[in-house]
Amino acid sequence: QVLVQESGGGLVQAGGSLGLSCVASGQAATTYGLGWWRKAPGKQLEFVAAFHWSDGSTYYADSVKGRFHITGGDGKNVVYLLMKNLKPEDTAVYYCTADPDASDLVRQDYWGQGTQVTVSS
(Lines give C-alpha, C1' and ligand atoms only; values in the text may rest on other atoms or scores of the structure.)
Protein backbone atom coordinates (compact mmCIF):
# COMPACT_ATOMS: atom_id res chain seq x y z
CA GLN A 1 0.00 0.00 0.00
CA VAL A 2 1.26 3.46 -0.91
CA LEU A 3 -0.29 6.62 0.48
CA VAL A 4 -0.05 9.75 -1.62
CA GLN A 5 -0.57 13.26 -0.24
CA GLU A 6 -0.60 16.53 -2.16
CA SER A 7 -0.04 20.02 -0.80
CA GLY A 8 0.03 23.46 -2.30
CA GLY A 9 -2.47 24.80 -4.77
CA GLY A 10 -4.71 27.78 -4.32
CA LEU A 11 -5.78 30.85 -6.25
CA VAL A 12 -3.48 32.73 -8.62
CA GLN A 13 -3.91 35.27 -11.38
CA ALA A 14 -3.27 34.38 -14.99
CA GLY A 15 0.42 34.62 -15.78
CA GLY A 16 1.38 33.81 -12.22
CA SER A 17 3.16 30.81 -10.71
CA LEU A 18 2.24 28.17 -8.18
CA GLY A 19 3.94 25.12 -6.70
CA LEU A 20 2.56 21.74 -5.72
CA SER A 21 4.21 19.08 -3.58
CA CYS A 22 3.54 15.38 -3.32
CA VAL A 23 4.73 12.91 -0.73
CA ALA A 24 4.34 9.17 -1.04
CA SER A 25 4.60 6.93 2.01
CA GLY A 26 4.51 3.20 2.43
CA GLN A 27 6.75 0.22 1.97
CA ALA A 28 7.03 0.46 -1.80
CA ALA A 29 6.95 4.23 -2.08
CA THR A 30 10.62 4.63 -2.96
CA THR A 31 10.30 2.23 -5.90
CA TYR A 32 7.45 4.11 -7.54
CA GLY A 33 7.45 7.05 -9.89
CA LEU A 34 5.20 9.98 -9.02
CA GLY A 35 3.06 11.93 -11.39
CA TRP A 36 0.38 14.60 -11.65
CA TRP A 37 -3.03 14.47 -13.28
CA ARG A 38 -5.80 17.06 -13.29
CA LYS A 39 -9.57 17.16 -13.61
CA ALA A 40 -11.28 20.33 -14.73
CA PRO A 41 -15.05 20.82 -14.50
CA GLY A 42 -16.75 19.30 -17.51
CA LYS A 43 -13.53 17.83 -18.85
CA GLN A 44 -11.89 14.43 -18.74
CA LEU A 45 -9.10 13.50 -16.41
CA GLU A 46 -5.82 14.65 -17.98
CA PHE A 47 -2.21 13.56 -17.50
CA VAL A 48 0.05 16.50 -16.61
CA ALA A 49 3.56 15.33 -15.74
CA ALA A 50 5.56 12.45 -14.29
CA PHE A 51 8.98 11.81 -12.75
CA HIS A 52 10.95 8.58 -12.38
CA TRP A 53 13.80 8.33 -9.86
CA SER A 54 15.31 5.32 -11.64
CA ASP A 55 16.76 7.51 -14.38
CA GLY A 56 15.51 11.00 -13.62
CA SER A 57 13.22 10.90 -16.63
CA THR A 58 10.38 13.39 -16.89
CA TYR A 59 7.24 13.45 -19.00
CA TYR A 60 4.86 16.29 -19.77
CA ALA A 61 1.56 16.79 -21.49
CA ASP A 62 1.83 19.00 -24.55
CA SER A 63 -0.51 21.51 -22.91
CA VAL A 64 1.98 22.25 -20.12
CA LYS A 65 5.38 21.79 -21.79
CA GLY A 66 7.58 24.80 -21.28
CA ARG A 67 5.40 26.10 -18.42
CA PHE A 68 5.38 23.30 -15.85
CA HIS A 69 8.47 21.68 -14.34
CA ILE A 70 8.51 18.48 -12.27
CA THR A 71 11.42 17.62 -10.03
CA GLY A 72 12.25 14.95 -7.48
CA GLY A 73 12.95 15.86 -3.88
CA ASP A 74 15.92 14.80 -1.77
CA GLY A 75 14.10 11.66 -0.70
CA LYS A 76 12.81 9.18 -3.25
CA ASN A 77 9.27 9.80 -2.22
CA VAL A 78 8.73 13.48 -2.94
CA VAL A 79 8.08 15.41 -6.14
CA TYR A 80 7.43 19.05 -6.80
CA LEU A 81 5.47 20.59 -9.65
CA LEU A 82 6.33 24.20 -10.43
CA MET A 83 3.68 25.79 -12.62
CA LYS A 84 4.55 29.02 -14.41
CA ASN A 85 2.66 31.30 -16.76
CA LEU A 86 -0.59 29.81 -15.54
CA LYS A 87 -3.68 30.14 -17.68
CA PRO A 88 -7.38 30.02 -16.72
CA GLU A 89 -7.60 26.68 -18.53
CA ASP A 90 -5.14 25.25 -15.99
CA THR A 91 -7.88 25.54 -13.37
CA ALA A 92 -8.56 22.03 -12.08
CA VAL A 93 -8.21 19.65 -9.18
CA TYR A 94 -4.67 18.32 -9.35
CA TYR A 95 -4.01 14.75 -8.24
CA CYS A 96 -0.69 13.16 -7.42
CA THR A 97 -0.28 9.54 -8.44
CA ALA A 98 2.17 6.76 -7.65
CA ASP A 99 2.89 3.89 -10.00
CA PRO A 100 5.84 1.80 -11.19
CA ASP A 101 5.37 3.68 -14.46
CA ALA A 102 4.18 7.15 -13.53
CA SER A 103 3.92 8.03 -17.23
CA ASP A 104 1.37 5.28 -17.94
CA LEU A 105 -1.60 7.07 -19.47
CA VAL A 106 -3.99 4.18 -18.96
CA ARG A 107 -3.87 3.67 -15.21
CA GLN A 108 -2.07 4.61 -12.04
CA ASP A 109 -1.93 2.43 -8.93
CA TYR A 110 -2.38 5.06 -6.23
CA TRP A 111 -4.02 8.47 -6.11
CA GLY A 112 -4.02 11.34 -3.67
CA GLN A 113 -7.11 13.25 -2.58
CA GLY A 114 -6.40 16.15 -4.90
CA THR A 115 -5.73 19.84 -4.44
CA GLN A 116 -7.54 22.71 -6.12
CA VAL A 117 -5.73 25.11 -8.43
CA THR A 118 -7.72 28.11 -9.61
CA VAL A 119 -6.37 30.59 -12.15
CA SER A 120 -8.30 33.82 -12.48
CA SER A 121 -8.32 35.80 -15.70
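Analyst: The link of C22 and C96 is left-handed, with -85° about the S-S bond. Keep in mind that this is a predicted model.

User: Why is the pair C22 and C96 called a disulfide?

Analyst: The cut-off is a pair of cysteine sulfur atoms within 2.5 Å. The sulfur atoms of C22 and C96 are 1.9 Å apart, so the pair counts as a disulfide. By this rule the count comes to one disulfide.

User: Which parts does the pair tie together?

Analyst: C22 sits in strand 3 (residues 18–25) and C96 in strand 9 (residues 92–99), so the link ties together parts that are 74 residues apart in sequence.

User: How do you know whether C22 is buried or exposed?

Analyst: Buried means under 20% relative accessible area. C22 has 0% relative accessibility, so C22 is buried. C96 also has a relative accessible area of 0%, so C96 is buried.

User: What makes strand 7 and strand 8 a pair?

Analyst: A pair needs at least two bridges. Five bridges join strand 7 to strand 8 (residues 78–83), so they pair, and they run antiparallel. As one example of residues facing each other, G72 stands opposite V79 in strand 8.

User: Why are strand 1 and strand 7 called edge strands?

Analyst: Four strands form an open sheet in the order 1-3-8-7, with antiparallel pairing. Strand 1 (3–8) and strand 7 (68–72) each pair on one side only, and that makes them the edge strands. On average, neighbouring strands of this sheet are turned by 15° against each other, direction ignored.

Terms used:
Residues numbered from 1 in each chain as written. Predicted model: local features only at pLDDT ≥ 70, side-chain atom pairs only at ≥ 80, totals over all residues. Heavy atoms only, no water. Helix = DSSP H or I, 4+ residues; strand = E, 2+ residues; numbered from the N terminus. Buried < 20%, exposed > 50% of the residue type's maximum accessible area, 1.4 Å probe, protein only. Axes fitted to C-alpha atoms, helices over the stretch in contact; angles between N-to-C directions.
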